Amino acid sequence: MRIGITCYPTYGGSGIVATELGLELANRGHQIHFITYANPIRLSERPDILYHEVEVMNYPLFQYPPYSLALASRMAEVAAAHSLDLLHVHYAIPHSVSAMLARGMLAGTRRLPFVTTLHGTDITLVGMDRSYFPITKYSIEQSDGVTSISENLRRQTIETFGVTKPIEVIHNFINASLYSPAVERKPGCKRIVHVSNFRPVKRVLDCIRIHAIARRSVECELWMVGDGPDRGAAERLAHELGVIDSVRFLGKRNDIPALLREAHVLLMPSEMESFGLAALEGMASGVVPVATRVGGVPELIAEGVSGFLCDVGDVDGQAARVVELLGDCARCETMAAAARREAVERFSTDLIIPRYEAMYRRVMEAG
Ligand code: GMT
């Protein structure tokens, strides 16, 4: 199949999922075209994957440059030039609206169905805002196929938008060869890791508080991986709580699989998480997640078996779980093995990618 993929290429989990999906589809022989404003993160140099940049012309009249229109034009152009079979857009706003326009623009000459994948705040936050609600609902209904990354997000979409369009749940996935546990863990310091884009929804300050409490009982260090709006506040808090010497702010990194292999516990204290890709990456790497019981996270983590689930903001509870794991090597190893097993048996690429392929075939045949 010839597939055009659009996502937010440089920021967040939806872009990572879209990029990994493109790579996996290319491995399976499909022709992949990324249509985005920048070359997607994690897209290695692959001559078989084409990247089409969306350029947005600015003009003094435009207080807001109309990116959605430039994207729609580029989608139609690329689809015609490369005979695309379909478009797959990640994160509804504004990508599904642009895809809808591109489909309309080509209607006289060729069929161009599109699939929309809902990822999270496109539904739970941004799409709910009055300014975007009607167009988000409309573009979901107009999509030829709709997928959501968790059952929880599917339910929320139906409840919030009242859409009747069928939504298929296709969970986030993991390349289990890339994300794999350390063959043998180095003895020594116990390590906690957090990976995110440091937005308020991730509650990165909780990570610092949890670490500070845990350190009263067990020797450990915390690696904070990523960057974003709350990094400065997190660094200040680490100073204030007197733990800065045991916290390393590593910034944005491309070697996440290698970093995860060095860790024992992964913190994901998010306010909201429609799935929690970071926790899945940790689990596949044999790192036990201590996370919050929100959104789609319980679809991923089995409480007390492959990780722990706590209430949002309960830093004492999360610190107690961290101490439980770091203070009992055997327990930690047993749960790490269970986490890896769950990740491989339920979320590996071999299981998930064919479900996207089946969805593509369905929307292509529906015409
Ligand atoms: O919804 C968002 O905040 C954006 C999105 C992103 O690009 O970071 O994150 C969501 O998509 C990920 C990949 O599907 C999920 O694993 C995350 O749980 C989800 N984030 C939230 O729901 C906050």
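Modeller: One term before we go in: a polar contact is a pair of N or O atoms within 3.5 Å, and inside the protein one of the two must be able to donate a hydrogen and the other to accept it. Bear in mind, too, that this is a predicted model.

Let's start with Ser143, which sits in the loop between α5 (133-142) and β6 (145-148). Is Ser143 buried or exposed? Ser143 counts as buried, because its relative accessibility is 1% and the cut-off for buried is under 20%. Its side chain has partners in there. It reaches the backbone oxygen of Ser139 at 2.7 Å, and a polar contact of 2.8 Å joins it to the side chain of Thr116.

Now for the ligand. Around it there are 17 residues, and Gly13, Ser14, His119, Thr121 and Glu273 are the closest. Sorted by class, that shell holds nine polar, six nonpolar and two charged residues. Helix α1 (residues 13-27) gives the largest share, three residues. Where does the ligand lie relative to the two domains? It lies between them, because domain 1 (2-173 + 348-365) and domain 2 (190-347) both give residues to the shell.

Here are some of the atoms facing the ligand. A backbone N or O atom of Gly13 is 2.7 Å from one of the ligand's oxygen atoms. Gly276 also comes in through its backbone, with a polar atom 3.0 Å from a ligand oxygen. Arg199 uses its side chain instead, placing a polar atom 3.1 Å from an oxygen of the ligand. As for cover, the ligand taken alone exposes 480 Å², and the protein buries 96% of that.

Next, the cysteines. How many disulfides does the model have? The count is zero. Take Cys220: its closest cysteine sulfur, in Cys189, is 6.9 Å away, too far for a bond, since a disulfide needs the two sulfurs within 2.5 Å.

Most residues other than glycine have a negative phi, and most peptide bonds are trans. Ser83 has a positive phi of about 50° without being a glycine. You'll find Ser83 in the loop between α2 (67-81) and β4 (86-90), partly exposed at 30%. Arg203 also has a positive phi, near 50°. Arg203 is in the loop between β8 (190-195) and α7 (204-214), and at 23% relative accessibility it counts as partly exposed. Then there's the peptide bond from Ile93 to Pro94, which is cis, with omega near -10°; Pro94 itself belongs to helix α3 (residues 92-106).

Two last stops. Arg261, in helix α9 (residues 256-261), has its C-alpha 7.4 Å from that of Gly286, although 25 residues separate them along the chain. Ile301 is in the loop between β12 (288-292) and β13 (308-310), and it is buried, with 2% relative accessible area.

Technical notes
Residues numbered from 1 in each chain as written. Predicted model: local features only at pLDDT ≥ 70, side-chain atom pairs only at ≥ 80, totals over all residues. Heavy atoms only, no water. Near = heavy atom within 4 Å. Areas by Shrake-Rupley, 256 points an atom, 1.4 Å probe, with all protein chains shown as cover. Helix = DSSP H or I, 4+ residues; strand = E, 2+ residues; numbered from the N terminus. Nonpolar A, V, L, I, M, F, W, Y, C, P; charged D, E, K, R; others polar. Domains from an automatic or database assignment. Buried < 20%, exposed > 50% of the residue type's maximum accessible area, 1.4 Å probe, protein only.
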